[in-house]
Amino acid sequence: MSNPASKPDHQGPATRIIHNQRHKDTFGSPYSPIYNTTTYRFENTAALLDMIEGRSEGYLYTRWGTNPSIQELEQGLAGLEQAEAALAFASGMAAISATLLTHGRNGIVCVGDLYGGTQAFLVDQCQALGIPVTFLFREEQNQLADHLEQPGKLVYFETPANPNMAMLDINAIAETAHKHDALVAVDNTFASPINQKPLGLGADLVLHSASKYLGGHSDITAGALMTSAALAKPVATWRKNLGQLIAPETAALLSRSLRTLPVRIRQHNENAMQVAQAMETHPKVTKVHYPGLPSFEGHELACKQMTGFGGMLSIEVEGGQEAAARVADSLKVFLLATSLGGVESLVSQPSATSHHGISREERLKRGIGDGMLRLSVGLEDATDLIDDLTQALG
């Protein structure tokens, strides 16, 4: 668990992450080498005890999180979200599960749509462990206070949400939660720290599937939690004992990827806006869900709490599920695959992937139509992406 307090607050995110070096390299490398060691040698027992009992700094065992490669990554992650501390995990679900098990034991209230893996963990594991879990539709968020009658609960949500990009007001939800002594955790994966900073809007904990935009190249699996030092400390214990730590080699790859995050996100934003605008005028597309469009229901809120609108959007194709499948199968540049946030553009059909296990009635209630396609807009030339969608729709 690392604290970015030593990094200058006035620097922008690109400068901070590029110059994020916790350990000076002996040979003058601008970036630290990979420390893929599992254990560390001590000169004597007294020195070992000094480290274990907190009288001196040092490293004991990588599974505990004491590894230079991992701690340098965590320092960079904390700086991106302007948090006191960060924890790196082996996957996004590892970060989510450890956080929910740590801070949600008095009850979890979920607002709006959630990633399928998160929903499954809440239903199948949390409730099996006796943790009370409540689900509220986005339209029911005005009932939040009614479900926080007992103090110490955790409010959990995503914004923008998967797959319809639905927006939730972070500040408003945080104000309600804090009045009832509840914590607020926000999954910020879709937005990234470049486009949205939930901690500054009142959230207490921010989570990421770092496999997505933070990694950015579809070649690593990782997760992250950014929060205060006090809230991170007990999560670190769960991470240690559940064996959820990120590998040093993966941590180094993620640190590499973070150095290009600001410039990558700017291009994702630009490309997705162009694709969304083109699809909005296409006769075969009945609706476009993208926070950057004035026609989007949550556009005003997105303008208020985001500085960019992201690389994710969804379109609804005329003709329903079969028509959407034909379009997805006809694309040449967009790859038919799950996940998101890489340099390559991806397409998926929520009714066949993320929400396949949900009844049609439930999907429609959540605003996920039969003809919906989710697009992760990558870094290709936007005109090529638009041409690809146009030929597939034709």
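Predicted model: local features only at pLDDT ≥ 70, side-chain atom pairs only at ≥ 80, totals over all residues.

Reader: How many bridges join β2 to β4, and do they run parallel or antiparallel?

Author: Four bridges join β2 to β4 (residues 154–158), and these strands run parallel.

Reader: OK, and what's the bridge partner of Val 111 in β3?

Author: That's Leu 136. Strand β3 (residues 133–136) pairs with β2 in the parallel sense too, over four bridges. With helix α5 (residues 116–126), β2 and β3 make a right-handed β-α-β unit.

Reader: Which way do the residues of β2 point?

Author: Ile 108 and Cys 110 point one way, while Val 109 and Val 111 point the other way. All of them are buried. In a regular strand, side chains alternate between the two faces of the sheet.

Reader: New topic. Where is Asn 195, and is it buried or exposed?

Author: Asn 195 is found in helix α7 (residues 192–195). It counts as buried because its relative accessibility is 2%, and the cut-off for buried is under 20%.

Reader: What does the side chain of Asn 195 reach?

Author: It reaches the backbone oxygen of Ala 191, at 3.2 Å. Leaving aside neighbours within four places in sequence, Asn 195 is also in contact with several residues, including Ile 265, Gln 305 and Phe 309.

Reader: Now rings. How many aromatic pairs does the structure hold?

Author: Two. One is Tyr 40 with Tyr 59, a tilted pair at 5.5 Å centre to centre, with 35° between the planes. Tyr 40 is in the loop between α1 and α2, and Tyr 59 is in the loop between α2 and α3, so this pair links distant parts of the chain, 19 residues apart.

Reader: And why is the pair of Tyr 290 and Phe 309 edge-to-face?

Author: Because the planes of Tyr 290 and Phe 309 are at 75°, and over 60 degrees counts as edge-to-face. Their ring centres are 6.5 Å apart. Tyr 290 itself counts as buried, at 0% relative accessibility.

Reader: Last one: which rings have the charged end of an Arg over them?

Author: The charged end of Arg 239 sits over the ring of Phe 89, 5.7 Å from its centre. The charged end of Arg 259 sits over the ring of Tyr 31, 3.6 Å from its centre.

Technical notes: Residues numbered from 1 in each chain as written. Heavy atoms only, no water. Phe/Tyr/Trp six-rings, centres within 6.5 Å; stacked < 30°, edge-to-face > 60°. Helix = DSSP H or I, 4+ residues; strand = E, 2+ residues; numbered from the N terminus. Buried < 20%, exposed > 50% of the residue type's maximum accessible area, 1.4 Å probe, protein only. Lys NZ or Arg CZ within 6 Å of the ring centre and 35° of its normal. Polar contact = N/O pair within 3.5 Å; in protein donor to acceptor, adjacent residues only side chain to side chain. Contact = heavy atoms within 4.5 Å. Pairing = 2+ DSSP bridges. Right-handed = clockwise from strand over helix to strand, strands pointing away.
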